[in-house]
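Visitor: Please show me how to read a few features of a protein model.
Guide: Have the sequence and the structure open while we talk.

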Amino acid sequence: MDFLHYEKGQLLAGKVAISELAKQYGTPLYVYSAEYITQQFLDYQKELTDRKHLICYAVKANSSLAVLHLLVKLGAGFDIVSQGELERTLIAGADPKKIVFSGVAKSISEIERALEVGIKCFNVESEAELYRINDVAKKLNKIANISFRINPDVDAKTHPYISTGLRENKFGISHQSALDIYRKATSLDHIHIVGIDCHIGSQLTETSPFLDAADRILAIVDKLKSENIHIKHIDLGGGLGVRYDQEQPPSASLIVSELKKKLANYRDLELLLEPGRSIVANSGLLITKVEYTKHQDDNHFAIVDAGMNDLIRPALYQAWMRVLPEKEPKPSDQRFIYNVVGPICESSDVLAYQRELSVQQDDLLIICSAGAYGFSMASNYNSHPRPAEVMLTDEQHHKLIRQRESFDDLWRGETL
Ligand code: LLP
């Protein structure tokens, strides 16, 4: 997060003081850098000027309208997994022809709506889904563009909860059954086969799983060709990891240039990718205020106003996320090894374990790399309104992109 630095003892994001943001908008507060998002998105594109491609941002990583709108302006496509995400991307101004629809459980009404607006492609995850899409398209007198999400059975070498490309995962169609399902699809009148797809997991920090998956998928492309089934695009999913701590993931442009080499003999295929985290994670931070410090036996707690309801990654995946104090630490400060915990009545409500900090009541702490799977996974558990979100539009300007939820928002739609 190179836009964060200390100056005169306080933490700044670009030229904006974190303390000013907290004062103006309150805490907990999500803050994103538009410049960082732009730079990460363009890093995917820069190696692809000589090749037909579409970078379909995975909306689930951060689905705030302003983030989507920024990506629309940069020319992004979108990977969605629900009608809610579809409606969001459309409101943000996305061209439906640049939207691919992933997910294992697409409902009839979701399929209807996607056909009605004319999305680029359904990434089909099972035989039953294929028949359902054909039936819905027939009813609407439309032709559905589809690709199959093939499970290449490669080890993404990541946390088991976010690994999706192994045989035992619920996602995709096994690579052994791939040909069979493509053959079945050719006989359906309302299906137009346009592509092949895979996504093997998230927070991948090595290049090899991407290349292994590409090999498996290309082997299927060859077999399809020999059966006269011609596709237009190959979608290699998302999953590129980011640096939370000491990880050293390859850059997007490096991955893309390696994939480009693999695809050198497939120049007619459009290359699609579905990155989420690598575009937004390190654009974002969560500012939280210390409500209390508590020292008990050998345990030291920094009790803050953000919890697992605002940022569930540490509780759900044991994810390590950097915590920075807003006040620059001085050598003379008294420090303790703190657990940074939230207000939620669960022992797992811990944002960070065992961090050496010097903090006092009312100080601010900053949880870094919170731009992906932060707000988008937030809930109202324990009836906490969800935080506000702010965009740093450049080095010195910022604007509110989502109001803090009000108490009325908490019970909207409910009756006594
Ligand atoms: N495409 C598909 C079909 C996906 O399921 C995902 C993520 C992506 C693309 C984007 O992957 P990314 O580039 O963001 O790694 N909540 C977890 C991550 C879950 C990822 C789910 N699928 C976390 O906070 O680590």
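**Reading the model**

Guide: Lysine 8 counts as exposed because its relative accessibility is 83%. Buried means under 20% relative accessible area, exposed over 50%, and partly exposed in between, with a 1.4 Å probe and protein chains only. This is a predicted model, in which local features need pLDDT of at least 70, side-chain atom pairs count only at pLDDT 80 or more, and totals for chains, interfaces and linings use all residues. Residues are numbered from 1 along each chain as its sequence is written, and side-chain values use heavy atoms, with hydrogens and water left out.

Visitor: Where is lysine 8 found?
Guide: Lysine 8 sits in the loop between strand 1 (4–7) and strand 2 (10–13). Helices (H or I, at least four residues) and strands (E, at least two) are DSSP runs, numbered from the N terminus.

Visitor: How should I read backbone angles?
Guide: Most residues other than glycine have a negative phi, and most peptide bonds are trans. Here, lysine 8 has a positive phi, near 50°. Aspartate 297 also has a phi near 50°, and its place is the loop between strand 14 (284–296) and strand 15 (299–304).

Visitor: Is aspartate 297 buried or exposed?
Guide: Aspartate 297 counts as exposed because its relative accessibility is 74%.

Visitor: Which peptide bond is cis?
Guide: The bond from threonine 27 to proline 28 is cis, with omega near -10°. Proline 28 lies in the loop between helix 1 (18–25) and strand 4 (29–33).

Visitor: What is a nonpolar core?
Guide: In soluble globular proteins, nonpolar side chains tend to be buried together. A nonpolar core is a set of buried Ala, Val, Leu, Ile, Met, Phe, Trp, Tyr and Cys residues joined through side-chain atoms within 4.5 Å. In this model the largest one has 101 residues, and Tyr57, Phe122, Ile146, Phe148 and Tyr182 touch the most other members. Helix 8 (residues 208–226) gives the largest share of this core, 9 residues. A second, separate core of 21 residues includes Val16, Leu29, Leu364 and Cys368.
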